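Hi everyone, thanks for coming. I'd like to walk you through a structure that may be new to you, so let's bring it up on the screen.

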Amino acid sequence: MLIGEVSKRSGVSARMLRHYEALGLVRPSGRTGSGYREYSAQDIRRVFHIESLRSLGLSLREIGRALDDPGFTPSALVGDLIRQTRDRIAAETELLTRLCRIDAADPADWEGALQVVALLQALGSRSADARQRAALTSADGIPVPTEALVEAALNETEPGVAGALRWALARSGDDGPALLAEGLGSPVAAVRSRAVQCLAVLPGAEATALLRDALTDPDAEVRGYAALALGTRGVAEAVPVLIDMIVAGRYDTDAADALSRLASDTATADQIATRLVDRLAHDTTGAPARGRLTQALADIPGTAASRALGELSHDEDRAVALTAAYLLQLRDPQ
């Protein structure tokens, strides 16, 4: 079969077939009496093999090595192609994300676009100082998409930078809660914890609802951050988790402060006091936890807390009894 017919049947141009021949990929088996290239069925099959491998993304050099190496293993080649393709997709996805964020910032001119690009690059810098400056600058007239701030905040491990990012998020608009909800679904507890800390600085019912959901998180730290945030918002559902924190000695002072803020009316104050007393009666973690629970009653107003302190002043544990008696003397007359 002559080159023109091979080209017609295979869809490979005659020019490309000559290029394959020049590279040694295809060698026509013979020549006609007039000197024209003549391809055998085996030659044509090799052309189709070359085209198939090209469709998988192999270079012509790699194709030649694959077809001519008797020790060639297709599984190794496919594995390499999978890794290369994943790397390429990841790079393209990163580029697409960056372009979408620049578009979302809606820069008015090239100078504005370049400022956004520089800020996005700084948020991903290895330098903590650069990331912190970028977070602070983002709330200073440069419209950075909330999505970029959320991504940076969920990945940030430096406390100072994380605080700056939360500050920027609080000023970034109304998209924060919905984006942070994805962080709450992360399998990594540290990411969920950062999401809760970000939600804590965001106002509104949507952020409060997500914090409520976090009260049932399997990680104690995540639950704790959610409870502290809800305590400042007057959400009584946080009380059981706050008491758990006092027992565990984890941010127990902050938890006690949150309980005192929640005890803003007589009914709620008595409920909190009752829960603290119940925990004192059933706690098995030892004297330190009972001492912390006793101290937590100090700032809970109402007769229930006063009565509990009175009873505790006769507790078998002398440290608890002394603490309760002292706190009872400090309380205003009920």
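Predicted model: local features only at pLDDT ≥ 70, side-chain atom pairs only at ≥ 80, totals over all residues.

Let's start with helix 12, residues 205-214, and helix 13, residues 220-232. How do these two helices pack? Their axes are 8 Å apart, and the angle between them is about 140 degrees. Helix 12 and helix 13 are therefore oblique to each other. The crossing of helix 12 past helix 13 is left-handed. On the helix 12 side, the contact is made by Thr208, Leu211, Arg212 and Ala214, and helix 13 brings Val222, Arg223, Ala226, Ala229 and Leu230.

Now for the single residues. Look for Ser193, which sits in helix 11, residues 189-200. Is Ser193 buried or exposed? Its relative accessible area is 3%, and because the limit for buried is under 20%, Ser193 counts as buried. Setting aside neighbours within four places in sequence, Ser193 is in contact with Glu221, Val222 and Tyr225.

Next, follow the chain to Pro203, in the loop between helix 11 and helix 12. Pro203 has a relative accessibility of 65%, and since exposed means over 50%, Pro203 is exposed. Pro203 and Pro177 are 26 residues apart in sequence, and their C-alpha atoms are 9.3 Å apart in space.

Let's turn to the cores. Which residues have the most contacts inside the largest nonpolar core? They are Leu242, Leu259, Leu276, Leu297 and Ile300, in a core of 70 residues. Take Leu297 as an example: not counting residues up to four places away in sequence, Leu297 touches Ala273, Leu276, Leu280, Ala305, Ala308, Leu309, Leu312 and Arg331. There is also a second, separate core of 16 residues, with Val6, Ile44, Leu53 and Leu58 among them.

My last stop is helix 17, residues 287-296. Which of its residues are buried? Ala289, Arg290, Gly291, Leu293, Thr294 and Ala296. And what do these buried residues pack against? The partners are helix 14 (239-248), helix 15 (252-262), helix 16 (266-282), helix 18 (303-312) and helix 19 (318-330).

Methods. Residues numbered from 1 in each chain as written. Heavy atoms only, no water. Axes fitted to C-alpha atoms, helices over the stretch in contact; angles between N-to-C directions. Helix = DSSP H or I, 4+ residues; strand = E, 2+ residues; numbered from the N terminus. Parallel < 35°, antiparallel > 145°, perpendicular 65-115°, else oblique. Left-handed = near helix turned anticlockwise from the far one by under 90°. Contact = heavy atoms within 4.5 Å. Buried < 20%, exposed > 50% of the residue type's maximum accessible area, 1.4 Å probe, protein only. Core = buried A, V, L, I, M, F, W, Y, C linked by side-chain atoms within 4.5 Å.
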